[in-house]
Amino acid sequence: MNYIVVDSYKELSRKAAQIIASVVTLKPDCVLGLATGSSPVGTYDRLTEMYENGELDFSRVTSVNLDEYVGLDGTNDQSYRYFMNKNLFDRVNIDKNRTFVPNGLAADPAAEGEAYDNHIKELGGIDIQLLGIGLDGHIGFNEPDSFFTKETHLVKLHESTIEANSRFFASRDEVPTTAITMGMSSIMQARRVLLIANGAKKKEIMEKAFFGPITPEVPASILQMHPDLTVIYCEND
Ligand code: GLP
């Protein structure tokens with residue numbers, strides 16, 4: 001594991017964007033595993049700047065996102081599809097037809113999960129998976145549990161996650177209580193994993209996740225087993 005501590009969110013975003021950009025440059029038809037939440041916003045800004053400066057070309061890139069709320073369609077401004085369009089896809093020259101987010105409106109979430117995993121396999125797997133981390137150690141929406149779930153699956157969000165994510169909604173009642181998330185197999189099979197986190201409030205969970213025991217009660221701890229993991233943490237907000 002390469003655990004990098006930086007002093008500012010700006011530096012974190014710059015480093016994360018450089019790592020992703022190097023993957024795109026070395027393999028223009030790569031598959032990027034992408035994440036939502038507030039942590040990657042600066043990374044997406046920096047990647048956009050690189051594209052605008054002519055340093056980066058997304059025209060052959062494919063992306064797969066980690067998760068989506070159940071019940072929200074892509075035009076809902078709280079959906080993760082909307083987030084991705086706004087923060088990255090609409091700002092660079094990626095082909096939107098090659099950007100994939102789990103379908104939060106799927107009638108059969110189990111079938112959607114299976115199809116999503118099969119699709120990732122058909123694409124040849126993920127070249128680099130970007131991750132944030134929840135306060136309870138969740139990655140994607142893989143919540144603490146007594147076991148790790150391998151497949152992309154439907155998940156009931158924990159109260160603390162609903163509470164944490166309510167800051168993006170008009171009221172707590174509007175936060176969906178379920179989501180579809182990529183499971184641990186697709187994440188762990190990504191050729192490289194890059195996890196970014198910032199803020200003093202994440203300090204405790206970062207210690208547990210990367211320096212504590214590997215346990216499904218801290219889902220991110222499984223990443224300690226990944227052969228090519230980079231973590232970038234900035235204690236300042
Ligand atoms: C959500 C997302 C996660 C993300 C987490 C942390 O729950 N599903 O993928 O890592 O929030 O978000 P933030 O970066 O805003 O702290």
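Author: Buried means under 20% relative accessible area, exposed means over 50%, and partly exposed is in between (1.4 Å probe, protein chains only). This is a predicted model, where local features need pLDDT of at least 70, side-chain atom pairs count only at pLDDT 80 or more, and totals for chains, interfaces and linings use all residues. Residues are numbered from 1 along each chain as its sequence is written, and side-chain values use heavy atoms, with hydrogens and water left out.

Reader: Okay, let's start with alanine 35: is it buried or exposed?
Author: Alanine 35 is in the loop between S2 and H2; helices (H or I, at least four residues) and strands (E, at least two) are DSSP runs, numbered from the N terminus. Its relative accessibility is 1%, so alanine 35 counts as buried.

Reader: Which residues is alanine 35 in contact with, leaving aside its neighbours within four places in sequence?
Author: Contact means heavy atoms within 4.5 Å. With neighbours within four places set aside, the contacts of alanine 35 are Pro40, Tyr44, Asn65, Leu66, Phe83, Met84, Leu130, Leu131 and Gly132.

Reader: Now helix H3 (residues 80-89): how many of its 10 residues are buried?
Author: The buried ones are Tyr80, Arg81, Phe83, Met84, Asn85, Asn87, Leu88 and Phe89. That makes H3 largely enclosed by the rest of the structure, because the buried residues number 8 of the 10.

Reader: What do those buried residues of H3 pack against?
Author: Two helices are on the list, H2 (41-52) and H5 (159-165). The buried residues of H3 also pack against strands S2 (31-34), S3 (62-65), S4 (67-69) and S5 (99-100).

Reader: Let's zoom in on phenylalanine 89: which residues does it touch, not counting those up to four places away in sequence?
Author: Phenylalanine 89 is a residue of helix H3, and it counts as buried because its relative accessibility is 2%. Its C-alpha atom is 9.4 Å from that of phenylalanine 58, 31 residues away along the chain. Not counting residues up to four places away, phenylalanine 89 touches Leu34, Ser63, Asn65, Arg81, Met84, Ile94, Lys96 and Thr99.

Reader: And threonine 48: which backbone oxygen does its side chain reach?
Author: Threonine 48 is in helix H2, and at 2% relative accessibility it counts as buried. Beyond four places in sequence, threonine 48 touches Asn87, Leu88, Arg91 and Val92. A polar contact is a pair of N or O atoms within 3.5 Å; within protein, one must be able to donate a hydrogen and the other to accept it, and residues adjacent in sequence count only if both atoms are side-chain atoms. At 2.7 Å, the side chain of threonine 48 reaches the backbone oxygen of tyrosine 44.

Reader: Off to valine 6: is it buried or exposed?
Author: Valine 6 lies in strand S1 (residues 2-6). Its contacts beyond four places in sequence are Glu11, Leu12, Lys15, Ile232, Tyr233, Cys234 and Glu235. Relative accessibility here is 8%, so valine 6 counts as buried.

Reader: Last one: how many Å apart are leucine 229 and arginine 192, C-alpha to C-alpha?
Author: Leucine 229 belongs to strand S10 (residues 229-234), and it is buried, with a relative accessible area of 4%. Beyond its neighbours within four places, leucine 229 is in contact with Met1, Asn2, Val193, Phe210, Leu223 and Gln224. Leucine 229 and arginine 192 are 37 residues apart in sequence, and C-alpha to C-alpha their distance in space is 6.1 Å.
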